[in-house]
Amino acid sequence: MPGLVRVIAGVVVGMVVVTACGGGGREEGGPLVVGTTSGSDPDGVLDLGAGEEVAGGIEVPWGLAFLPDGTGLVAERNSGVVLRVSPGKAPERVYEVPGVVAQGEGGLLGLAVSPRYEEDRFVYAYFTGAEDNRIVRFRTDGPPEVIFAGIAKAGNHNGGRIAFGPDGMLYAGTGDAGRSDRSQDPASPNGKILRLTPEGRPAPDNPTPDSPVYSLGHRNVQGLAWDTKGRLYAAEFGQNRFDEINRIEPGHNYGWPTVEGTGDTDRGRYTNPLLTWTTREASPSGIAITADTLYTAALRGECLWATPLHDGTLGTPQPRLRDRGRLRTVEVAPDGALWVTTSNTDGRGDPHPGDDRILRFPAH
């Protein structure tokens, strides 16, 4: 991918080493706040303040994407419904994706809006169906078109984040669907980051011709974001020890299941993460990048981790929004505001009246 460069420096932040947090089947975990970082704001990390509530009473919001006019589209995981939301207006139901099977961590997951939306009107969705995880595209007045299928599903490790990169290609983070051997199998789409054309074909300059695989060796990717130089970063759930932020380079292997967190054990075969947390501190889902900060929505950690980002190097994470419960998704809106979704109604949180919420924090 143009603009991606080889990792020459990284900061691995190991916060607190703890014992296993319950095995590989519950990486989204129950609520637990640890909070091992403190101190004043580092350069580039803003005090978000109280923000505003864009919408409440949303049923397990997962995917979030923006239309050109700045309104948001939000996916309800269990219902398969897509809502249009904007400040000062009630949520509007605009579509229901047919065939969604919501079991465990599966359901209607990631959303992405075509970079040519004003011409083609396409919205893209990643969801769990009866047989597999798949990606469709649709216009809100018509049936969906399956553009990629055959991603194995399970009660967990379904991945699900999709996003268009600065190159106009569609990227998808997938999980190993409970079988770690899939992550190292180049013929499997599971445990990978996929790179597709908008029509769902393998991007023409992928590392392996005619393969959708952009990177491999992942356990469960639910966060994708690019910095201002076009470098791709991904959030990945660990099993018992470490969650990760990785900088993704074409064809690189990120080690799962041989390596969890930092630990290149095979003569440079695997690429180490830039940043790690213990699994008690994060369970990282969505990520977003402003000019100088990488934000990570933490489920089990119940906060928004804000990490300074300087020319591809990450500083020390600082916890934000510690009073909102589980956080699933964070995105930067067209006007520069940061939008965050809570995930307290997903069966593992402690819902409060009005949950789940979509929150907006204006650009400073």
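Me: I take buried to mean under 20% relative accessible area, exposed over 50%, and partly exposed in between, with a 1.4 Å probe and protein chains only. Which residues of strand E15 are buried?

Reply: First, what you are reading: this is a predicted model, in which local features need pLDDT of at least 70 and side-chain atom pairs count only at pLDDT 80 or more, while totals for chains, interfaces and linings use all residues. Residues are numbered from 1 along each chain as its sequence is written, and side-chain values use heavy atoms, without hydrogens and water. Strands (E, at least two residues) and helices (H or I, at least four) are DSSP runs, numbered from the N terminus. In E15, residues 232-236, five of the five residues are buried, so the strand is largely enclosed by the rest of the structure. On one side of E15 sit Leu232, Ala234 and Glu236, and on the other Tyr233 and Ala235. Both faces are therefore covered, because five of its five residues are buried.

Me: How many bridges join strand E14 to E15?

Reply: Two strands pair if DSSP finds at least two bridges between them. E14 (residues 221-226) runs antiparallel to E15, and five bridges join them. Trp226 stands opposite Leu232 of E15, and Val221 has Glu236 as its bridge partner. The two strands make a hairpin with five residues between them, and Gly230, in the turn, has a positive phi of about 80 degrees. E14 is itself largely enclosed by the rest of the structure, because six of its six residues are buried.

Me: Which strand does a hairpin join to E15 through five residues?

Reply: That strand is E16, residues 242-248, joined to E15 by five bridges in the antiparallel sense. Ala235 has Ile245 in E16 as its bridge partner.

Me: What is the order of the strands in the open sheet of four?

Reply: Reading across the sheet, the order is E1-E25-E24-E23, with antiparallel pairing. Its edge strands are E1 (52-55) and E23, each pairing on one side only. E23 is paired to E24 (residues 338-342) over five antiparallel bridges, and Thr329 stands opposite Thr341 in E24.

Me: How many cavities of 30 Å³ or more does the structure hold?

Reply: It holds one. The volume of the largest cavity is about 40 Å³, and its lining includes Glu236, Phe242 and Glu244. Glu236 is also among the buried residues of E15.

How values were computed
On a 1 Å grid over the protein atoms alone, a cavity is a set of points where a 1.4 Å probe fits but cannot get out, and a pocket is an open set with protein on both sides within 12 Å along at least five of seven lines; lining residues have an atom within 4 Å of a point. Grid points are joined across faces, edges and corners, and a volume is the space filled by probe spheres set on the points.
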